[in-house]
Every structure is written in structure tokens, then in C-alpha cells.
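Welcome! Here is a short briefing on the pockets, helices and aromatic contacts of the structure below. Please keep the viewer open as you read.

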Amino acid sequence: MQITNAAWVMLFTLSVLWGGSFFFVEVAVAELPPLVVVWVRVALAALALLVFLRLTGRAMPWTREAWIAFLVMGLLNNAIPFTLITWGQTEIESGLASILNAMTPVSAVLLAHFFTQDEKLTGARALGVGLGILGVTVLIGLDALSGIGVAILGQLAVVAATISYGFSSLWGRRFRVMGIDPVITATGQVMSSTVLMFPLLLWSAPWALPVPSVETVLSLLGLAVFATSLAYILFYRILAIAGAGNVMLVTLLIPPSAILLGWLFLGERLAAQHFLGFAIIGLGLLCLDGRIIARIRAAV
């Protein structure tokens, strides 16, 4: 499926929302265990979206078909990858985890090629994804690759999470066929994730934790409202108009968004490797867009 200009704008916006989540997470995990942060994030997001549905006059469907779809989506897009990545990052460095997470478009594109009729893999798409991953690697730093071969189980956990994300993008296509509003789909997913991940919350023994600070509470609200509720509404809109393979391109845009936000708001410095990484990712996105390549071919 073609990536429209509107889809590109939404992809970049989504990358900013998810890139900005690193700020909120950094504050929250200083006081709370990661799994508690994850559960509170999806639970508050579900509450926020339910309030939004009520205010806008929307209603959740209560059919068996719809809730099976929501539960599977919550499992594939939240419960499995969030748990795997959280555990994986206890075994490997965050830089290597970010690079491995950037493999998500590979999973999505390959799965879409084999399981869909309208999202076949092309040379330009393969080149674009490859350049995107290379750009992320340069952006984060080649030294992050020094961890390859160490803590294999941690690395496999993050890679397995990318495969789960790939399957979630395929599964999410059915909501367009079912005619379910993206806002309702996002609500159903985070409600399902809240239920599915509740055992992990109990395992973390939240009752033994101290009362969080105001900064932590505000960070959790930011995670829930912006990086989850609003982000997943955008996610499902992109999925509906651009397809399963294209929506996961956002993982290539999250690292540059996070770095640029750090530069804008935290005074972090930009190095030469960052500009080179931006350029390589940009070139990859041009290949994925396909319109410039098509014009060059037409001119030749």
C-alpha cells in the first residue's frame, strides 16, 4: 500500500509521541519497577480512552468477535512485546535493545509479504528498511553492537518482541474490515492489555511500594494520555490507510525523535554520528516512499 502524505505526517507525529515516552519512563522507573509502570500506563490509558468515548458519544462493541480481536491485539501488541523487551533490557544494554527493536519493520514487511495480497516486498522497500536499520545503528552508535553475542537470551527476547509486533500489525488489519473506529480499537486493545498484564502487576508486589512522587504521577499520566492513548489512535489510523508493513516504520523514526527531543528540551548535544544517522534514515524513508524513485525511473 502507498504511504500518503497524511500517513507520513501521522508516522512522524507517532514517533514523537513514542520517542517522548523515554522522558516519562526515565522519571517513572526511578521510583517504580518497570512492570508496574507498564501496567499503570495501559490501565490509565484505558480509563482516559473510556472517558473520551463517553464524551464523544462513542460506544464499545460487546460482540464476541470484537473482544476476541481486542484480546489478541492486546496480547500481540502490548503484553508479549512489553514483557519481552522489559526483561530483555535487564540482560542487554539499552542501545543494543534499540537497534534490535528497529528490526520491527523487517518482521512486519516480511510477514505482510507472505500473508497479504496488497503489501508485497519490493526491492525499494527492502533497501529502504535496510537503510533505516543502518541509520538507527549509526545514530545510536556502532559501539552498541559490541554486545552482540553476549546475553543471547536477552537479545532473542527483544527480537521475539519485534516478531510479535509484526504479527500485531497483520492482526490489526481486521479492524478496518470489521469497520471499527480507530479510537474504539485503541480502547479495546489497552483494556485487554490491562487485564492480560494484571498477573505481572501482582508479581511485582505493588502493595509494598512507597507512594510515588508528584513527578512520577505526572510522568505516568503523560505516558498514558500522550504515549499510549493518543499514540494508539494514530497507530490504528495509519494501519487503516497505509497498511501493516508501513505502520511499523515508526520504529525507525523513534530513535531520531527521542534524540531530537533531548536536544530541544534537555540540552543534549548532537554529534556528527547523529547527523549521519539522520541522513541515512532519511534516504531509507525516501526509498520506502517510492515516489521519487518512480519519478527517476520515468525520467530515464
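This is a predicted model: local features need pLDDT of at least 70, side-chain atom pairs count only at pLDDT 80 or more; totals for chains, interfaces and linings use all residues.

**Second largest pocket**

- The volume of the second largest pocket is about 190 Å³.
- Its lining consists of 16 residues, and those nearest the centre are Thr122, Arg125, Leu288, Asp289 and Gly290.
- Two or more lining residues come from each of helix H6 (123–140), helix H13 (272–289) and helix H14 (291–299).
- H13 provides the largest share of this lining, with three residues.

**Largest pocket**

- The largest pocket holds about 1500 Å³ of space.
- Among its 47 lining residues, Trp18, Ser21, Phe22, Gln89 and Ser98 are the closest to the centre.
- Helix H12 (residues 250–265) gives the largest share of the lining, seven residues.
- Sorted by class, the lining of the largest pocket contains 28 nonpolar, 14 polar and five charged residues.

**Helix H2**

- Helix H2 spans residues 34–55, 22 residues in total, and its first and last C-alpha atoms are 32 Å apart, close to the 32 Å expected at 1.5 Å a residue.
- After H2 comes Gly57, which has a positive phi, near 75°.

**Aromatic contacts**

- The model has twelve aromatic pairs.
- Trp67 and Phe70 make an edge-to-face pair, because their ring centres are 5.0 Å apart and their planes meet at 80°, where over 60 degrees counts as edge-to-face.
- Trp67 and Phe70 both belong to helix H3 (residues 64–88), and since they are three residues apart, about one helical turn separates them.
- Trp67 counts as buried because its relative accessibility is 16%, and under 20% is the cut-off for buried.
- Phe70 is also buried, at a relative accessible area of 0%.
- Phe70 has a stacked pairing with Phe175 as well, with 5.6 Å from centre to centre and 15° between the planes.
- Phe175 is buried, with 3% relative accessible area.
- One aromatic cluster brings together Trp18, Trp62, Trp67, Phe70, Phe175, Tyr232, Phe235 and Tyr236.

**Charge over a ring**

- Arg174 places its charged end over the ring of Trp171, 3.4 Å from the ring centre.

Notes
Residues are numbered from 1 along each chain as its sequence is written. Side-chain values use heavy atoms; hydrogens and water are left out. On a 1 Å grid over the protein atoms alone, a cavity is a set of points where a 1.4 Å probe fits but cannot get out, and a pocket is an open set with protein on both sides within 12 Å along at least five of seven lines; lining residues have an atom within 4 Å of a point. Grid points are joined across faces, edges and corners, and a volume is the space filled by probe spheres set on the points. Helices (H or I, at least four residues) and strands (E, at least two) are DSSP runs, numbered from the N terminus. Ala, Val, Leu, Ile, Met, Phe, Trp, Tyr, Cys and Pro count as nonpolar, Asp, Glu, Lys and Arg as charged, and the others, Gly among them, as polar. The expected span of a helix is 1.5 Å times one less than its number of residues. Rings of Phe, Tyr and Trp (its six-membered ring) pair if their centres lie within 6.5 Å; planes under 30 degrees apart count as stacked, over 60 as edge-to-face and the rest as tilted. Buried means under 20% relative accessible area, exposed over 50%, partly exposed in between (1.4 Å probe, protein chains only). A charge sits over a ring if NZ of Lys or CZ of Arg is within 6 Å of the ring centre and within 35 degrees of the ring normal.
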